Amino acid sequence: MSDYGFDTLAIHAGAAPDPTTGARATPIYQTTSFVFDDTDHAASLFDLQAFGNIYTRITNPTTAVLEERVATLEGGVAALATASGHAAQLIAFHTLMQPGDHFVAARQLYGGSITQFGVSFQKFDWHVDWADVTDPASIKAAIGPKTKAVFIESIANPGGLVTDIAAIADIAHEAGIPLIVDNTLASPYLCKPLSHGADIVLHSATKFLGGHGNSMGGIIVDGGKFNWSASDKYPSLSQPNDGYHGMKLHETFGEIAFAIACRVIGLRDLGPAISPTNAFMIITGIETLHLRMPRHCENALKVAEHLKAHEAVSWVSYAGLADDPSHNLMKKYSPKGAGSVFTFGVKGGYDAGVKLANNVKLLSLLANVGDTRSLIIHPSSTTHRQLTEEQQTAAGAGPDVVRLSVGLEDAADIIADLDQALSA
Ligand SMILES: Cc1ncc(COP(=O)(O)O)c(C=O)c1O
């Protein structure tokens, strides 16, 4: 299957006609649990001696199609789906971290991730240091003996800047730790972080993978190359596991050990499983990813060029613009386009941003990206309001910043709506 082109894989990877009914679309297996052949069969499933379905919190056949499809599109060896992007982050770190451990994350991240890492993760005694993703040396400087991972976004939300994945992967690997890349804003259509040295890819599938603003989901993709037993840093993977009669997951499962550990420990015990119906919706969305993403990028470029020349706009940060500081990195990592989420600054600061957001008619004022519809938000009064002004500015979400997620409507209509709202 993986010999096919991206467009074919977006439609077919992981799916086959249903063997019982012949159903061609992936059925929604809306069931909590699966009948065992007998107690020996059940024992082999519970002991991880055989692959099969037990309970939808751990695996489900509809969800399995989504998992195989995204693993294939990203070039990974295995994946698991979760209830949301934040759930994917929680489970990935739960697999890597022990109490007292530390990781390094880009300062330029989705505001919800900054809060999850900086506030909620503290309750697990997991600690984060922030580094400037445009300065890989600052990432290196923040790594210490307890650091278990580096976390970046391929295209940062909301700043829209493209990160130097290969340079940061080298820094992580020199320290013997994996690089995790949140590829939500690029999607595997635009960027494949594993091919640039990343070890784990995460998604909020809520965004471009699903693509229609109707279903929550998250994905963890295991690149399969990291050696979890090279040090004693990752006991969940390299050491005997109490929950599985002393089994060592890396020794037993080899290249898919990280995905297995996320499933049989994190998903099993923390519990944020995706619903089969949401998995079905996201599978359906992925089948047009290769048609939607070029149009998202084309519309975003037209809107960015228009705003750049607008008298009420002081700056535009869109890597697709030839003079943008991220443009060269975009040509390397996301050559088919810079995605459709970017920021610009309104003259008049916070108040002007609020006024613009309150005056759009076609665009929707809401806290999401990656919808067919064009979306707008003023982060400092909404998504990033929990952060200090200093954190907001560092995350590319200062008081004058407005974020757009350019949708698939006529570009002229999106531009006309922004024009009338800016003139207000
Ligand atoms: C880049 C990025 N990562 C992760 C998340 C969290 O995903 P979810 O909302 O599906 O939990 C978001 C949400 O906006 C996001 O934009």
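Author: Helix 13 (residues 289-308) lies across strand 8, strand 9 and strand 12 (401-405), where helices (H or I, at least four residues) and strands (E, at least two) are DSSP runs numbered from the N terminus. Helix 13 runs at about 10° to strand 9; axes are lines fitted to C-alpha atoms, for helices over the stretch in contact, and angles run from 0 to 180 degrees between N-to-C directions. Helix 15 (residues 349-359) also packs on the sheet, and its direction makes about 125° with that of strand 9. Helix 15 touches strand 9, strand 10, strand 11 (375-377) and strand 12, a contact being heavy atoms within 4.5 Å.

This is a predicted model, in which local features need pLDDT of at least 70 and side-chain atom pairs count only at pLDDT 80 or more, while totals for chains, interfaces and linings use all residues. Residues are numbered from 1 along each chain as its sequence is written, and side-chain values use heavy atoms, with hydrogens and water left out.

The sheet itself is open and has five strands in the order 8-9-12-11-10, with mixed pairing. Strand 8 (313-317) and strand 10 (364-365) stand at the edges with a single partner strand each, so one side of each has no neighbour in the sheet. Two strands pair if DSSP finds at least two bridges between them; strand 8 and strand 9 have four, in the antiparallel sense. Across this pair, Ser317 stands opposite Thr343 in strand 9.

Ser334 is in the loop between helix 14 (327-333) and strand 9 (341-346). Its relative accessible area is 0%, so Ser334 is buried; buried means under 20% relative accessible area, exposed over 50%, and partly exposed in between (1.4 Å probe, protein chains only). Leaving aside residues up to four places away in sequence, Ser334 touches Ile155, Leu190 and Leu329.

On the cysteines, the structure holds zero disulfides, a disulfide being a pair of cysteine sulfur atoms within 2.5 Å. Cys297 is buried at 6% relative accessible area. The closest cysteine sulfur to that of Cys297 is in Cys191, 12 Å away, which is too far for a bond. Cys262 is buried as well, at 0%.

Elsewhere, helix 5 (residues 111-118) is mostly covered, with six of its eight residues buried. These are Gly111, Gly112, Ser113, Ile114, Gln116 and Phe117. Their cover includes helix 4 (85-96), strand 2 (102-106), strand 3 (127-131) and strand 4 (147-153).
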